[in-house]
Amino acid sequence: QVDQDAPTGGSMIVTYKDDVATLDPAIGYDWQNWSMIKSLFDGLMGYEPGTTTLRLELADSHDISDDGLVHTFTLKDGIKFHNGREITAEDVKYSLERVTNPETRSPGAGFFGMIEGFEDWNAGEGEGLSGVKVIDDKTVEITLNRPDATFGHVMALNFASVVPQEAVEASGEDFGREPVGSGAYKLADWTPGQQVVFERFEDYHRAGVPKLDQITFEIGLEPTVALLRMQQGQADIPGDGIPPAQFLQVMNDPEQADNVVEGGQLHTGYITLNTQMEPFDDKAVRQAVNMAINKDRIVRIINGRAVPANQPLPPTMPGYAEDYEGYAFDPEKAKQMLADAGYPDGFSTELYVMNVDPNPRIAQAIQQDLSAIGIDAEIRNLAQANVIAAGGEPDQAPMIWSGGMAWIADFPDPSNFYGPILGCGGAVQGGWNWAWYCNEELDARAAEADSMTDPDQAEARIDAWRQIYLDVMEDAPWVPVFNEQRFTYTSDRLAGDDSLFVDPVHIPVNYDYVYSTEAQ
Amino acid sequence: MSVIDPPAVARRGRARKVAAVLGELMRRPRAAFGLIVIAIMAIAAVFAPWLMPHDPFEQSFDGLTLAGAPLPPGGEFPLGTDLLGRDLASRLILGTRTSLIIGVLANGIAVILGAGVGITAGYFGGWIGAILMRFTDLMMAFPALLLAIVLAAIFQPSLLIVALVIAMVNWVQMARVIYTETRSLAEREFIQVQRSIGSGTLRVLGSHLLPHLLSSIVVFGTLGISTTVLLEATLSYLGVGVQPPTPSWGNIIFENQTYFSTAPWLVFFPGAAIVLLALAFNLVGDALRDILDPTLKGRH
Amino acid sequence: MTATANTDGQGGARPVLTVRDLQVQVATTGGAKTVLDGLSFDLMPGETLCLAGESGSGKSMTALAIMGLLPKPMARITGGSIKLGGQELTELSEAGYRDVRSNRVAMIFQEPMTSLNPLMTVQQQLVEVLLEHDTCSRAEAPARALALLKDVRLTEPERRLKQYPHELSGGMRQRVMIAIALACEPEVLIADEPTTALDVTVQAEILDLIRLLQEEHGTTVLMITHDMGVVAEMADRVIVLRHGQEVEAAPVKDLFDAPRSDYARELLAAVPRLGAAPARPQRKLGETVVEVDDLTVRFDITGGVLNRPVARVHAVESVSFDIRKGETLALVGESGCGKSTIGKALLGLVPWEGSIRVAGRQTHGLSPRMLKPVRRDIQMVFQDPGASLDARMTVRDQVAEPMRVHGIAKGAELDDRVEYLFRRVGLKADMMDRYPHEFSGGQRQRICIARALSLSPRVIVADESVSALDVSVQAQVLELLQELQSQDDLAYLFISHDMAVIEQVADRVMVMRLGQVVEEGARDAVLHDARHPYTRRLLSAVPIPDPHRRRPPRAEAEPGLGSPIRRIGDPPTRLNLSEVAPGHRAAS
Amino acid sequence: MRGYIIRRLFESALILLGITLVTFILLYLVPADPARQIAGRSATAETVQNIRDQLGLNDPFFVQYARYLGNLFQGDMGRSYLQRAEVSELIAARLPASLMLMVAAIVTELIMGLTIGVVAALRRNKFADHSLMIFSFVSISAPQFVIGILLLYVFAVQLGWFPIGGYGTPAHFVLPAVTLGFLGAGWYSRMMRSSMIDVLAQDFVRTARAKGLSKGRIILRHVMPNAILPIIAMIGIDIGLFMSGIVVVESVFGWPGIGQLAWQAIQRVDIPVIMGVTMVSATAIVMGNLLADLVAPLIDPRIKTK
Ligand SMILES: Nc1ncnc2c1ncn2[C@@H]1O[C@H](COP(=O)(O)OP(=O)(O)OP(=O)(O)O)[C@@H](O)[C@H]1O
Ligand SMILES: Nc1ncnc2c1ncn2[C@@H]1O[C@H](COP(=O)(O)OP(=O)(O)OP(=O)(O)O)[C@@H](O)[C@H]1O
Ligand SMILES: [Mg+2]
Ligand SMILES: [Mg+2]
Ligand code: NI
């Protein structure tokens with residue numbers, strides 16, 4: 001997939017509206033800095049460019065004990081931080097302990113719950129993660145408290161990036177502004193609110209990578225303006241994508257449409273139905289709602305930039321049930337079901353939505369569909385933080401349209417769509433399980449699936465997950481509405497395999513592997 | 001030259017005076033135009049259900065192209081459709097309600113409050129003035145958007161709350177301008193005369209200061225219409241105001257402003273409605289000021 | 001008389017200014033109204049032509065028409081021609097007029113209060129006109145400005161240059177206006193009641209000044225005045241106007257000797273002559289209604305970067321007097337000596353120290369609410385009628401307002417009373433629904449009087465209340481005041497600079513200078529047996545309404561004229577009044 | 001006057017203190033938990049509690065407020081919850097850009113607004129007046145986003161006179177300043193027109209004409225200074241309006257100012273940043289008002305500052 005002979009050199013300009021919050025891998029957790037951090041830092045594990053296939057990154061080897069509990073990593077030789085120091089096993093241990101240290105307040109700490117000693121350490125007790133042992137300079141041994149098939153993916157998360165202790169300590173809280181990692185690029189300049197510049201890291205551990213000499217992120221540009229810049233040849237990638245308002249315009253212009261790469265995304269947009277609030281505590285009502293939503297029309301409203309969904313998992317995720325039909329759009333039947341459930345005249349409820357286009361529009365489409373079966377949903381159009389707060393209360397938001405805050409997978413594994421958003425663990429005050437759906441049996445099956453760590457069991461594990469999600473749909477705590485598609489618009493100056501431009505883990509593109517046609 | 005007929009003025013009595021002023025307004029073409037526009041909008045607001053060509057909430061299937069683009073004006077939808085395929089004309093007519101309430105009522109409260117505070121502070125000066133003006137400064141620096149967010153989360157969003165928030169935010173500007181003008185008017189001799197007559201404060205403020213402040217009040221009052229109608233949209237966006245799908249001119253603009261290059265009618269028509277409303281009030285206000293300012297009589 | 005050679009006027013010389021069949025109309029609510037009808041006259045080089053006539057007869061309109069300053073678009077010239085030299089002015093564009101104004105024809109306006117820009121210092125307003133017409137270089141301008149202020153005898157001219165109009169008394173402002181008008185040494189000077197607000201000494205000085213200018217530069221003067229004394233003293237020829245039409249035009253002596261028209265005869269008969277006033281009717285004086293003891297008013301002058309008080313105006317220093325029921329106390333004194341300020345203090349309009357009792361009530365420290373009943377008893381007619389009327393209210397409402405405030409009358413009764421008051425001051429009832437700007441200066445003054453009378457107070461402070469009235473109306477108003485006095489035992493504090501008028505109305509006279517009383521006593525004692533040199537000077541400056549009699553030479557101003565503005569902590573020395581005769585006291 | 005300034009500064013400090021309290025209360029009432037924003041989606045309830053403890057969010061309101069004030073007096077505005085950077089640094093990095101834009105915008109709107117106002121007043125009820133009036137209302141009613149993009153499209157893309165957004169050279173200032181200026185220009189022009197009309201009718205203007213002064217001088221030296229009096233009061237107001245317009249304009253033009261910072265912070269309940277930005281903008285507004293009150297007596301000698 002990756003053109004190893006692609007020339008190196010050249011540069012590109014990526015535009016963004018929002019300022020980069022931080023480049024600290026333990027802190028950064030929005031889709032904008034996620035990929036940037038990926039290019040500045042490396043962890044033990046990574047992905048094949050353009051795919052969801054795990055590969056070794058800084059690690060030279062990864063051995064798993066038979067019971068799946070002990071993972072032994074050896075580091076590659078001669079790998080260096082941007083500051084020139086060689087990376088050792090100690091750095092791996094330090095990095096994992098840093099991200100799980102409560103003082104760090106990392107939003108990713110919870111991912112490492114399977115590592116032995118996490119509970120104590122994360123509660124502020126003990127001396128580090130007891131499960132992480134440094135065997136020698138190059139070897140680190142990580143012991144888990146339960147077998148976990150997702151562990152490889154977890155070690156590929158940004159949060160598991162290896163950071164140099166001395167640089168972290170020198171910068172303190174400002175490490176996010178002065179990041180030092182071992183990624184393909186190093187930070188060259190950061191002018192707040194204006195630009196961030198990455199430069200090729202000459203000592204990168206993969207030869208011939210990255211392709212570009214320099215990436216400039218121009219900050220603070222409204223997407224509409226970014227598009228103007230693109231059209232004037234002053235930018236190579238609008239980082240925020242093609243603005244919805246200009247989408248059709250771009251796509252209807254063959255010359256521009258030519259430069260747009262379309263791909264899937266590990267994303268699902270859904271409506272949560274609070275299963276603990278009347279009347280959504282009645283499964284029949286939830287199913288009726290599922291049948292009432294005209295997903296095709298919603299997709300049309302957003303100019304076809306998504307595909308209708310019928311289950312939680314997106315089509316590109318392993319475990320997606322191809323032949324599952326879901327709840328077909330059938331308002332008549334929905335109405336009947338409501339009547340059978342004791343709501344012949346429907347009922348009134350509220351639909352919470354984040355106030356950024358196109359979400360209020362989608363909410364209005366949903367509202368119209370609901371009113372067709374007699375449900376009168378009042379829209380509560382609020383700022384993101386307020387919607388999240390309302391969802392975290394057991395009795396506040398009967399329905400939430402998840403768009404804008406919706407789930408994009410952290411890593412390409414079906415389990416990632418379960419725990420916080422559908423499992424009992426998330427159905428707590430302040431949790432992300434806004435449907436307040438808690439099915440203990442499914443939780444148990446999920447734990448079981450994740451303990452199938454043997455590569456031979458991979459197939460069976462995926463099947464198990466597939467069934468879990470189908471069973472979830474039976475209970476209908478959500479109305480999956482659509483899976484967003486990605487449309488990456490690039491300039492003529494950039495080249496590379498299409499998959500690099502819709503890389504599932506790098507948004508908007510895989511910075512390390514795309515190359516410049518102007519390079520030689 | 002148009003002239004107020006003398007007998008009508010010669011008889012005093014409030015009602016007659018108002019009638020005379022109204023008659024004079026109607027005699028001025030521009031003011032009459034303004035009055036008519038206001039009347040039409042008021043009628044549109046009251047009789048909206050009978051005037052709308054379509055259901056303003058119906059996301060009509062043929063209101064969007066297959067690719068999901070809204071339809072331009074013409075044909076079945078006289079002013080085109082919005083991004084959900086709803087009839088823009090109907091939504092504008094229904095939106096008149098919210099916008100009139102905000103632009104006239106909320107803005108009116110703000111004007112009255114602002115003028116009141118400004119006059120009081122400017123006329124009395126001293127510590128009353130200082131306290132009022134510092135309070136005004138405080139309100140001006142007040143993080144109103146934050147307040148809006150809190151209110152949105154605590155209360156059910158409603159037009160009343162928006163109106164209150166807007167009145168709270170907008171009176172400040174008025175107060176400051178009126179304050180400075182009052183300060184310099186209060187030094188004038190004809191105001192001293194009032195004191196020497198023993199006129200009560202209310203009389204001095206109402207009968208003598210106010211007419212001299214009228215032009216500023218007209219300016220602020222009419223410009224305030226635009227700003228409040230637009231502010232309502234911001235507040236709706238933050239969840240305080242009317243919630244979708246209820247239309248208001250402001251939120252139609254706000255929702256669609258990024259589409260103005262691809263679907264300009266979505267911004268143009270509601271924008272034109274706001275300008276028209278503000279302009280209408282301004283025409284009437286200007287004429288009123290002319291009529292009430294005798295030194296300008298005969299000019300128009 | 002200075003320029004008798006020119007009296008015949010129609011001699012061989014060509015007129016500087018020719019007015020022919022001038023007609024001016026104003027737009028009123030009732031349609032166009034002609035305020036000037038077919039006026040024609042010639043102004044010969046160096047002569048002084050006086051326009052006299054009753055208030056509202058169109059005198060100011062004539063002046064404004066010549067200046068091209070008729071208030072547009074209310075008033076406009078509807079016929080006739082105005083020629084300056086050979087140039088037709090009525091056809092001039094605004095830009096063309098610029099060279100004429102100030103440079104060739106300058107004008108002094110009737111109401112000084114509002115005629116100066118409140119935001120510019122006196123110096124700026126003077127220098128501006130000098131530079132505009134290239135009268136002098138930028139560097140010389142301040143010195144010229146200073147010289148001009150000295151020419152118009154402004155006290156402390158250096159300081160005045162830096163002051164703003166609101167810091168000056170009415171007379172001072174008028175002098176500044178005159179300085180501005182004289183700045184470019186125009187060919188024609190139009191003076192609309194130039195000395196109305198001035199005390200007699202200054203009036204005499206200004207008149208002398210105008211004459212001097214006339215002699216030196218051959219300036220032609222068109223003077224508008226209602227004061228027959230001034231007419232007699234200044235005019236070569238006189239035109240008497242009535243209702244916008246010429247009633248009589250004659251050389252001044254002919255007019256005074258043998259007026260041909262009835263109206264002119266009437267007018268001359270009404271002229272008060274100093275020393276000719278009848279004795280005041282002997283009335284039993286009632287109890288004291290106003291008691292002023294040790295009244296002191298001071299204003300701080302702030303300056304410097306930090307705007308701290310740098311000096312203090314000692315506007316009134318320790319003045320004591322009382323007025324009894326039915327008595328008229330006249331207050332005379334040079335402009336800026338604090339006369340108006342005393343009046344304002346009586347009404348509680350300026351902060352003051354000392355003691356004031358009105359009808360037995362001490363007013364010091366009273367709140368506005370507590371002052372309200374006091375203010376029913378005492379009313380003031382302000383000096384500048386233009387500034388003291390609200391431009392946005394009909395005059396009917398303004399006259400009715402005090403009665404509404406005090407709840408004296410309502411409805412039809414109120415209407416009747418207002419109408420009655422209007423008639424009493426000589427205004428027609430059909431004018432009641434007009435706004436102040438639609439009246440002439442004298443008419444406004446009468447409106448103010450009507451307003452003050454509306455409450456039937458016990459005391460009226462009349463601040464230059466008849467100064468802008470032509471003699472016939474003045475006589476009417478004075479009669480009215482006297483009538484009210486004899487009917488209701490009204491007491492007056494009568495502020496005026498016109499000695500002849502004072503002689504007519506006053507029971508007692510108080511002469512002020514620099515905030516202090518210099519002489520005080522019964523009318524005849526002060527006017528006929530003046531003890532203080534200042535009083536004598538005042539009296540000698542009174543113009544005599546008889547063109548054949550020359551005013552006796554004026555007593556020279558004493559050197560080192562003081563100023564009410566003093567550094568902080570340096571109060572003026574207080575004068576001691578000593579009794580020179582029973583009831584007659586004077587400073588030594 | 002010095003006493004007056006000192007007193008006003010003291011009052012301003014009190015106002016700012018009041019603003020901190022109000023803002024703090026509001027933020028306390030906002031039903032969104034910053035700890036959860038920090039903790040992320042994968043966090044457990046204990047982690048969230050832990051974070052609340054660390055940030056002191058569990059303390060009683062007044063303890064939190066007192067702590068904030070205490071730090072503020074030592075010049076410490078805290079660190080951003082989400083960016084982890086010092087709030088003072090975040091603001092310092094952006095404030096100059098915003099302030100410069102503000103000055104540029106105010107100059108622009110004054111030039112535009114006053115000119116329009118004067119022309120409209122002089123051409124009162126003529127064609128020019130009516131078209132300028134419509135212009136004013138359109139400029140007030142048009143969303144700044146739309147104006148900004150239109151200007152960019154015409155002057156940057158089509159004509160190529162200015163860069164397409166960004167910051168640095170004087171050329172970068174023009175379009176954002178004009179966009180922001182539009183709103184103010186509408187206000188100023190209406191106010192100026194109205195007060196010009198009042199002043200033109202006054203006696204001293206007649207005096208000025210009688211002096212034979214040129215029309216230009218009469219307007220500039222006599223009418224405008226008097227007409228501008230009520231407009232001085234707008235300085236403070238203007239800064240307030242500016243602060244609300246800045247978010248949109250900065251994002252359209254990629255201007256590295258505090259508007260962006262503020263907006264993101266509000267969206268994500270980043271309390272220290274919200275507090276910091278509020279303080280900065282409140283200070284600007286309060287100072288603007290103070291300035292207006294100090295300038296007024298300099299221009300109008302009749303107003304006394306006692
Ligand atoms: N705008 C106006 N509308 C109606 N009448 C007006 C207007 N302006 C002036 N007049 C009338 O025009 C007449 C002439 O006024 P003018 O000012 O020339 O009088 P005047 O002779 O100067 O009187 P005075 O000595 O009192 O100043 C007056 O009767 C006045 O009432
Ligand atoms: N508000 C004020 N601030 C400062 N000085 C003032 C103020 N009002 C009056 N003065 C000064 O007080 C003094 C007395 O003024 P006042 O108006 O009483 O004089 P006047 O005797 O009435 O003079 P005129 O005959 O010219 O009207 C003058 O020197 C004047 O400049
Ligand atoms: Mg006159
Ligand atoms: Mg006086
Ligand atoms: Ni007409």
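These are my notebook entries on a predicted model.

**Ground rules**

I work with a predicted model in which local features need pLDDT of at least 70 and side-chain atom pairs count only at pLDDT 80 or more, while totals for chains, interfaces and linings use all residues. Residues are numbered from 1 along each chain as its sequence is written, chains are lettered from A and ligands numbered from 1 in the order in which they are written, and side-chain values use heavy atoms, with hydrogens and water left out.

**Entry 1: the chains**

I looked up which chains touch, taking contact as heavy atoms within 4.5 Å. Five pairs of chains are in contact, and chains B and D share the most contacts. Chain A and chain C have no contact; their closest C-alpha atoms lie 42 Å apart.

**Entry 2: a sheet in chain A**

Helices (H or I, at least four residues) and strands (E, at least two) are DSSP runs, numbered from the N terminus. Two strands pair if DSSP finds at least two bridges between them. I followed an open sheet of four strands in chain A, in the order β4-β5-β7-β6, with antiparallel pairing. Which strands stand at the edges? They are β4 (59-64) and β6 (132-136) of chain A; each has a single partner strand, so one side of each is left without a neighbour in the sheet. Neighbouring strands are turned by 20 degrees against each other on average, direction ignored. For such angles, axes are lines fitted to C-alpha atoms, for helices over the stretch in contact, and angles run from 0 to 180 degrees between N-to-C directions.

I then checked one pair. β6(A) and β7(A) (residues 139-143) are antiparallel and joined by four bridges. K133(A) has E141(A) in β7(A) as its bridge partner. Helix α2(A) (residues 89-100) packs on the sheet and touches β5 (70-75), β6 and β7 of chain A. The direction of α2(A) makes about 175 degrees with that of β6(A).

**Entry 3: ligand 1**

I count a residue as near a ligand if one of its heavy atoms lies within 4 Å of it. Ligand 1 is surrounded by 22 residues, and the closest are G56(C), K59(C), S60(C), S440(C) and G442(C). The shell holds five nonpolar, 12 polar and five charged residues. Here Ala, Val, Leu, Ile, Met, Phe, Trp, Tyr, Cys and Pro count as nonpolar, Asp, Glu, Lys and Arg as charged, and the others, Gly among them, as polar.

I looked for N or O atoms within 3.5 Å of each other. The side chain of S440(C) has an N or O atom 2.7 Å from an oxygen atom of ligand 1. For E193(C), a polar side-chain atom lies 3.4 Å from a ligand 1 oxygen atom. The protein covers 95% of the 650 Å² of accessible area that ligand 1 has on its own, by the Shrake-Rupley method with a 1.4 Å probe.

**Entry 4: ligand 2**

Ligand 2 has 18 residues around it, with E167(C), S335(C), G336(C), S340(C) and T341(C) coming nearest. Seven are nonpolar, nine polar and two charged. A polar side-chain atom of S340(C) lies 2.6 Å from an oxygen atom of ligand 2. K339(C) places a backbone N or O atom 2.8 Å from a ligand 2 oxygen atom.

**Entry 5: a hairpin in chain C**

I ended with β14(C) (residues 353-358) and β15(C) (residues 361-362), which pair in the antiparallel sense over two bridges. R357(C) stands opposite Q362(C). Two residues lie between the strands, and A359(C) takes a positive phi near 50 degrees.

Definitions and conventions. Polar contact = N/O pair within 3.5 Å; in protein donor to acceptor, adjacent residues only side chain to side chain.
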